[in-house]
Amino acid sequence: MSSTDPGNQPPENGEPVPRKSARGHDWRHAMRSEFSDWQLWWARAVMVALAVISGLVIVGFTALAEYTYDLFAQLHARWWWSPLLWTPLVACAVVWCTRRFAPGAAGSGIPQVMAALEVGERPAARSLFVSLRLSFAKILLTAGGLLGGLSLGREGPSVQIAAGVMLQARRLVKDQRRIHVHGLLVAGGAAGIAAAFNTPLAGVMFAIEELARAPEQRNSGLIITAIVLAGLVAVSIYGNATYFGVIRVAHLDLALLLPGLVLTLLAGVAGGLFSRLLIASLRGQGQDPLSRLRTRRPIVFAGVCGLLVAAIGLVTGGATFGSGYESTRAMVEGSGVMHVAYAPFKFLATWLSTWSGVPAGIFAPSLAIGAALGNDVALLVFHTQVPALIALGMVGFLAAATQAPLTAFIIVMEMVNGHAMVLSLMSCALVASFVSRLISPPLYPTLARLQLERIPAPPLEQAPR
C-alpha cells in the first residue's frame, strides 16, 4: 500500500479515523451519525407533519370548492336567469379582492410556484408568489370563483396552496441548511396534485416534468414522502376511488387507429391554440377593446367576462358552469352524451374565466374539453369505442395545453383506471404535445416569466459625488 493511501494517513487533530470494513463502509459509525443528530430528526418530523397537513388542507379545499359550487347550482336551479346577475357580481368581487389583498393569488398557481423556484433563497421575492397567506387567500378566492359558476379548476391552485404550507418548514427548523427551499416547493406542489386528483404517480411525474424539470436525488425522498402522505390523507377521507370513475374499454384493435389519430391531431391543435390564446390574453398587450378594458378597468372587465360565461352556461343548459367534473364523469362512465357544441363552448368559458383575473386552474376544464372532443369524434365516425376515444381526448388536450405529456398521460390513466390503454394514452400524449409545441410556447414556463416581472426592480445606486 502506497504512502498516499488514505488508510496510512495519520489521524487529524489526534482523533482516530473510523476503520472501514471490507465493503468500504463502517455501518456502526453510520448508525451513530444518523441517530445522534436530533436536529436532523426534528427537521424530518417537521416535514412529515407538514406533508400530512398539506393533504388535509387540500382535502378541506376540495370540500369547500364542491360546497360553494353546489350553492351556485341550487341558485341556478331555483332561478334559471340568476347567473346573468350573480356570476358577473361574483367575478367582480373576487377580482377586486385578489387585486386589493392578494395579487400573487391570481391565475393558476403553478406559474407562481415555478417563479418561486427561480428566485430560490430570496425571501422577499419568494413571498410574492408562495406563502401561507397566499395559500389561504387562494383557497377562499378559488372557492369564490366556483360560487359564481365560473369555468375553472382547483388542481392548479392546489399546487400553490400545498407549496405554501410545506414552505413553513423554514420557520420551524432552526438550522435551515438542513432543508432546501427548492425541495420544499417541489414536494409541496407535487403533494397538491397527488391529493387533489388522488393520483400519486402523477404527483411524482408532475414534480419532475413541470417543477424540478429533472430528477433530483437530494430531494427525491422528501418529494416521495410528501406525495405518499398527502395521498394517504386524501384516500383515508374520500376512499380509494378514481376521480372520474372507471372507463370500460372493449378489446382494442386497428379500427381505433384512424379515429384515434384524427382525435390526437385535433386535440393537439385545439390545446395548442388554447395555450397560445391564454398566453396572449394574460400578457395584456393586445390593442383590441377587451384588452384595453382589462388594462384600464379590470373590475369592469371581470364583470363582462362573468356575464359572457353566464350566457354560455345558459345556452348550454348549465353544462359549462364549474370545473366540468360532472360532465366528464358522465361521458367517461357512458351515462351521458354531450352535445357536439359542448367542447367549443367549454373552451370559451374556460378562457374567459381565466382571462377575467379570477384565481383559476385549467386542469379539470381541460379534461372536460378533451373528453368532449373524443365524444364528438366518436359520434362523427359512428365508432363503438366511445370510452376509449374519450380517454384519448382527455389525455391529448391536457398534454397539448400544458405541454407536459408524461404528467397528462399518468393523470388520465390513474383517474379513469385506464391501464388497458397505457400505450395508446402515452402515444396520444406525446403526439398531441408535439403538435402543440408547433403552435404555442409552453404555457406554464411562459406565465412564470410573466410572474417574475412582478418583482420590484432594485433601487439604483447613487453615483458618487
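Ala, Val, Leu, Ile, Met, Phe, Trp, Tyr, Cys and Pro count as nonpolar, Asp, Glu, Lys and Arg as charged, and the others, Gly among them, as polar. The views show a predicted model, in which local features need pLDDT of at least 70 and side-chain atom pairs pLDDT 80 or more, while totals for chains, interfaces and linings use all residues. Residues are numbered from 1 along each chain as its sequence is written, and side-chain values use heavy atoms, with hydrogens and water left out.

**View A. Lining of the largest pocket.** The lining residues divide into 16 nonpolar, 12 polar and 5 charged. A pocket here is an open set of points, on a 1 Å grid over the protein atoms alone, with protein on both sides within 12 Å along at least five of seven lines; lining residues have an atom within 4 Å of a point. The largest pocket has 33 lining residues, and Ala106, Leu282, Arg294, Gly357 and Gln451 lie nearest its centre. Among the elements that give two or more residues to this lining are helix 3 (83–101), helix 12 (257–283) and helix 21 (443–452). Helix 21 gives the largest share, 5 residues. Helices are DSSP runs of H or I with at least four residues, and strands are runs of E with at least two, numbered from the N terminus. The volume of the largest pocket is about 810 Å³, where a volume is the space filled by probe spheres set on grid points joined across faces, edges and corners.

**View B. The largest cavity.** A cavity is a set of grid points where a 1.4 Å probe fits but cannot get out. There is 1 cavity of 30 Å³ or more, and the largest cavity has a volume of about 30 Å³. Its lining consists of Phe206, Glu210, Phe363, Leu398, Thr402, Ala404, Thr407, Ala408 and Ile411. Helix 19 supplies the largest share of the lining, 3 residues. By class, 6 of the lining residues are nonpolar, 2 polar and 1 charged.

**View C. Helix 12 against helix 18.** The two axes come within 7 Å and cross at roughly 30°; axes are lines fitted to C-alpha atoms over the stretch in contact, and angles run from 0 to 180 degrees between N-to-C directions. The crossing is right-handed, meaning that the near helix is turned clockwise from the far one by less than a right angle.

**View D. Helix 19 against helix 20.** The axes of helix 19 (residues 405–415) and helix 20 (residues 422–439) cross at roughly 145° and come within 9 Å. This crossing, too, is right-handed. Pro405, Phe409, Val412 and Met413 of helix 19 meet residues of helix 20 that include Leu425, Met426 and Ser433. The contact counts 9 nonpolar, 1 polar and no charged residues.

Technical notes
Contact = heavy atoms within 4.5 Å.
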